[in-house]
Amino acid sequence: MSALPAAAQTADASTAWFDWSRIYFLFVLVVLCGAVLAFIVLARRGMPMKVRQIAGLASVEDAVGRATEMGRPCLFVPGILDMNDIQTIAAVTILERVGKTVAEYDARIEVPTSKALVMLAAREALQSAYASAGRPENFSADDVYYVTEEQFAYVGHLQGVMARERPAACFYFGGFFAESLILAETGNGIGAIQIAGTAQPQQLPFFVAACDYTLIGEEFFAASAYLSGEPDQLGTLKGQDVGKLIVAAGIVIGAVAATLAELTGSDALRGFVTFLTERVMS
Amino acid sequence: MGAFLVQEWWIVLMFLASLAPLLHRLATGGLVASLRTLDRRWIFLLMFWAVAFPIYYVGVTGKTLPEVPGLLAQSTFDEIERLAPGDPVLLAFDYEPSSAGELTPMATAFVRHAAEKRLRMYFVALWPLGAQMIDDVIERVLTPDFPQLQYGRDFVNLGYKSGQEAVIKVIVTNLRELYTTDVRGTAVQNIPMMEGIASVQQMKLIIDVSAGTPGTKEWVQYAVTPYPSLRIVAGVTGVSAPLYYPYIPRQLHGLLGAIKGAAEYEQLVLTRYGGENPNPKYTEGLRRMGPQLVAHLLIIGLIVVANILYFTDPSRARR
Amino acid sequence: MKRTVPLLIASATGFILIVAYFVPPIQAWSEQVSVWFNILAAVAFILGGANLLGNHLKHISDRARGWGYSVVLIVSFLATLVAGLGKIGVNPSADFPDFAWSGTYRQIGSPFWFFYEYAFTPLTATIFAILAFFIASAAFRAFRAKNIEAGLLLGTAFIVLLGRTFAGVALTSWIDPAVWSGFQYFTGLRIENLTVYIMAVFNTVGNRAIMIGIALGIVSTSLKILLGLDRSYLGKD
Amino acid sequence: MIAGMKRETLIWTIVMVLGAAGLLGRAFFSEQGMGREYVRAVPVANGQWTQYDGATYTDYLRAEQAQPGQTVVQLSLPRTVGLWLAAFFTLAVFSFLWGDNPFYRIAEHVFVGVSAAYWMVVAFWDVIVPNLIGKIWPGVVQAWALPGLAGPEAERNLVYVVPLVLGLMLLWRLMPAGGWIARWPLAVVVGTTAGLRLIGFLQGDFLAQIRNTILPLVVFTGGAFDFWGSVSNTIIVVGVLCCLTYFFFSFEHKGIVGGVAHVGIWMLMITFGAAFGYTVMGRIALLGARLEFLLDNWLWLIDPTGRRVVATMLFGLIG
């Protein structure tokens, strides 16, 4: 159970067709994915999927509506990461949902990107949004454009765009780093409604402090499901909840066992805790 | 201080003149009412002076604030101090110019400390521009102050490799699979100090200067966690420091956070090796603590004022 | 063909990589794929550059508002590009003097280096630095103890800020067992210790929960992509 | 009120312009002047070319003192122009804090242009040449840009035809018709991302964080009950559970669930506050570095690193 035999085991496994040291991991993977899949199936069979309100998402439509009234554009920033990050892919999915609202309101949305691949994907998403809103003719590929790879040049450009075009609604979804507060404070200076969502823990404080609504971590990934309102999308959220229940159960069982082991000094309990942490969760 | 203000009267004059309109408005328009409608550009201006004035003061007089090293800086220092001359250490420079303001003082102090200890230094970079940062520090510290140290014998710049954390995973078991040459194009087998170095595991210590991803977290996850005999200390930016606390002390053996960490560590290195009149390049962090203090006090003051305004706001009760 | 095939491609590559994690002979595939991604991203630069050029040329030919700035942009873009790709002013590598192209494109003193050193570097660092101003204005506006949540946010930030300066340390240095022996139970309240405690306990709690949540979100998002439920990036036919 | 504002702004602007002019004048007409860059000529490759390394004013004066009229350390006109450009860009970006203006827009457009091209050049020389062309046609790059390529690195690897084909499909976007083919490489990227991140996050973050949270609520250190250790562990375990409750999507935040979720939000807020406080440090350091650039490198008003030490000494002698 120490580090050495485990390493030896891995070495043995390199010639086999299955890495047995990862069997517990496979188990965890199957359980978590299974929970999500099960709820997708249940949703398709018509089970009602009720989820709680998330204030930030309920206000997306208001923000777009306000922009329309004021005759100003919306700004959508998909973060500074490339398509090899799930946050960016989630942002593109959210863009399609937000874009649909924009198309329905006949508002204008501008999507500057920092990566060429993101530009391609965002164009596809926005075009499809306009099509599903029944306004394919209003889509303009020029609204989604590439700026530059460099983080701060991109931010400098966004600042300029905000100061000049004064968007009434700003959406920041994706992977953000130091630019989070620059964007949020510039947006605040022009009086825009700002909704942000990211999975970069260290940037959340700035969005929380300076934006009107912030989706924290998991909420950000849930946004596309919420905005779509489709039953099987909502089902995946229920699946995630089951995942959290499993986590909570694991922590409670583990902590109780560890506490008892500490109090009683029982080797069996200690062994169980070690098995849990070093084998199952290694 | 008084003599400084008299001698540099013009900066005092500019300070007062630039704030005169604000003071005028506060005096005539009512203190609380004016503060409530304060244009944020006045805050920007205050911030400017809070940083510019101490820099000028420190720059002209050369005085710095005394620094009391904290626990983490002390353990970082001890990790390097306990090594013996000739021990190999890996210096990973995972940052670029945009964070150089915060990290250069640490990089300088780390390299100086390692050079004073006569450790063998292997430089690598996981960020494309990290290789340039390495060259900078070699040119700034090793070339002028340690001319007896030879490239290839005492230190080597292995340069940047793309692949982010995948690089760590590979070099922790086999350094030469990725690093076939150094940054100058010399084959690794022709570099004397590479003899006997097959992987990162032979390093007595990993010193990481990190501005984000890939960086300290990845070194901890992919090098130290699977090979617990490895030890690592890191100098990181203020924004990323909170993320690393959970790894202390089992997976991360020393941590310098932001300019404060740099200043504390500089103080330790100076106390041990400094001499009376240290070269200014080794006190960069200490110098920066002056503006740091005034700016922190300004922000604290702003928060206090904002809350007084909030709690005395008559419209608050109605809401 | 336009949408089904890519969907199948995405699912297949994703599932293969998941399986590869458990099958030792093909575990290295995941690293291979990362290298491929870097190549694709590099090729995509051509698309990005073409888009940038096209946009600003259009601005100029339309005489759109502020078209002069587009001229500035295009000139700086092309100048940097030509200087870098052409390795203008770069000497061959000292080890291979006969190979004209063997020098490094970053050579100090070359035109490309000039753009880097005197435009790129100061601009990056300065845009980064204006964050200090925004932190001050955000602190003044947003850090008001309107409710318990905001109060906690501001209180913690306050303690950490104070603890990181020499003033804060001086403020609580009187909690010292040497002053009164009873203080030995309260040294944890000294501001520098309080900071470490906050970072090690509360900060760990928050970050941990956020990270677990994010991981679950990523699992479910990835699954939706592999199942073809999330396919915005492929557009409509 | 508006008239008052305007007068205020006008006065302020005049004061600042006068101040800036005074500053420039003071720096310019001082004994040593301001804002010049020097270089040192170093012969390379047996004198076939000359390389120009950066030098300080101190170096120049020393060289002149040793041998008047020498040509090794010289004033560099291009670098002096560069320095002034850098100062202009710095001030132009700061001017955005006042409001959008033509200077900022020039800086912004230059930056976008230069940086877009910069990263294209980096991608070409660091990725396309070694990792694509070099893998498929190693002979070509060997004869052209990478003569040092040798060993296993120099062997042809036809697997790289796959990214080449995918790349060409991507570029098909530029063609008038059939742009949809670019969706294929995009699908490969998105599919691999989904697969890799699914595994990566479950293993790296998810399991590791749960594992670290399995802690005994009661801690004994050396046989004695450790009160603070127990409190910390209890806060961590209970806190993580409360925060997880906050993230539940199935229940409204009401009743008991609401209460627990609220404790979770409090924990998150403390986390955010701590991170905010920590970050302030780093950002102020960056501002300090920029202001130091203006005062030191450009205006030559302060000299913390001794670039002009001899200068003052010499002039002191003359004066």
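This note goes through a predicted model chain by chain and contact by contact.

1. Conventions. The model is predicted, with local features needing pLDDT of at least 70 and side-chain atom pairs counting only at pLDDT 80 or more, while totals for chains, interfaces and linings use all residues; side-chain values use heavy atoms, with hydrogens and water left out. Residues are numbered from 1 along each chain as its sequence is written, and chains are lettered from A and ligands numbered from 1 in the order in which they are written.

2. Chain A overall. Chain A has 12 helices and six strands (DSSP runs, H or I of at least four residues for helices and E of at least two for strands, numbered from the N terminus). Its C-alpha trace spans about 70 × 45 × 45 Å along the principal axes. Of the 282 residues in chain A, 63% are buried (buried means under 20% relative accessible area, exposed over 50%, partly exposed in between, with a 1.4 Å probe and protein chains only). Among contacts in chain A between residues at least 6 apart in sequence, 68% join residues at least 24 apart (contact means heavy atoms within 4.5 Å).

3. Interface of chains C and D. Chain C gives 118 residues to the contact and chain D gives 116 residues. The area buried between chain C and chain D is about 11,000 Å², with carbon and sulfur atoms giving 82% of that area (buried area is the accessible area, 1.4 Å probe, that two parts lose on being put together, summed over both). On the chain C side, Tyr69(C), Tyr118(C) and Arg208(C) lose the most area to chain D, together 7% of what that side buries.

4. The rule finds one salt bridge across the interface of chain C and chain D (a side-chain nitrogen of Lys or Arg within 4 Å of a carboxyl oxygen of Asp or Glu). Arg106(C) forms a salt bridge with Asp126(D), with the closest N and O atoms 3.3 Å apart. Between chain C and chain D there are 16 residue pairs in polar contact, both at pLDDT 80 or more (a pair of N or O atoms within 3.5 Å; within protein, one must be able to donate a hydrogen and the other to accept it, and residues adjacent in sequence count only if both atoms are side-chain atoms). H8(C) provides the largest share of the side of chain C that touches chain D, 23 residues. The residues of that side divide into 84 nonpolar, 25 polar and nine charged (Ala, Val, Leu, Ile, Met, Phe, Trp, Tyr, Cys and Pro count as nonpolar, Asp, Glu, Lys and Arg as charged, and the others, Gly among them, as polar).

5. Interface of chains A and B. Six residues of chain A are in contact with four residues of chain B. Chain A and chain B bury about 470 Å² between them, 58% of it on carbon and sulfur atoms. In chain A, Phe152(A), Glu185(A) and Gln202(A) lose the most area to chain B, together 54% of what that side buries. Glu185(A) also forms a salt bridge with Arg40(B), the closest N and O atoms being 3.2 Å apart. Helix H8 (residues 179–189) of chain A gives three residues, the largest share of the side that touches chain B.

6. Nonpolar core. The largest nonpolar core has 388 residues, and Met83(A) and Phe206(D) are among those that touch the most other members (a core is a set of buried Ala, Val, Leu, Ile, Met, Phe, Trp, Tyr and Cys residues joined through side-chain atoms within 4.5 Å). Helix H9 (residues 255–298) of chain D gives the largest share of this core, 21 residues. Not counting residues up to four places away in sequence, Met83(A) touches residues including Leu117(A), Tyr233(C) and Leu186(D).

7. Salt bridges within chains. The count comes to 35 salt bridges over all chains. Arg44(A) pairs with Asp232(A), the closest N and O atoms being 2.8 Å apart; the two residues are 188 residues apart, in helix H2 (residues 23–44) and helix H11 (residues 231–264) of chain A. Arg44(A) is exposed at 57% relative accessibility, whereas Asp232(A) is buried at 12%. Arg108(A), Glu110(A), Asp143(A) and Glu165(A) are linked in a network of salt bridges.

8. Val239(B). Val239(B) lies in the loop between strand E5 (232–236) and helix H11 (241–244) of chain B. Val239(B) counts as buried, with a relative accessible area of 13%. Leaving aside neighbours within four places in sequence, Val239(B) is in contact with Gln202(A), Gln203(A), Thr279(D) and Arg283(D).
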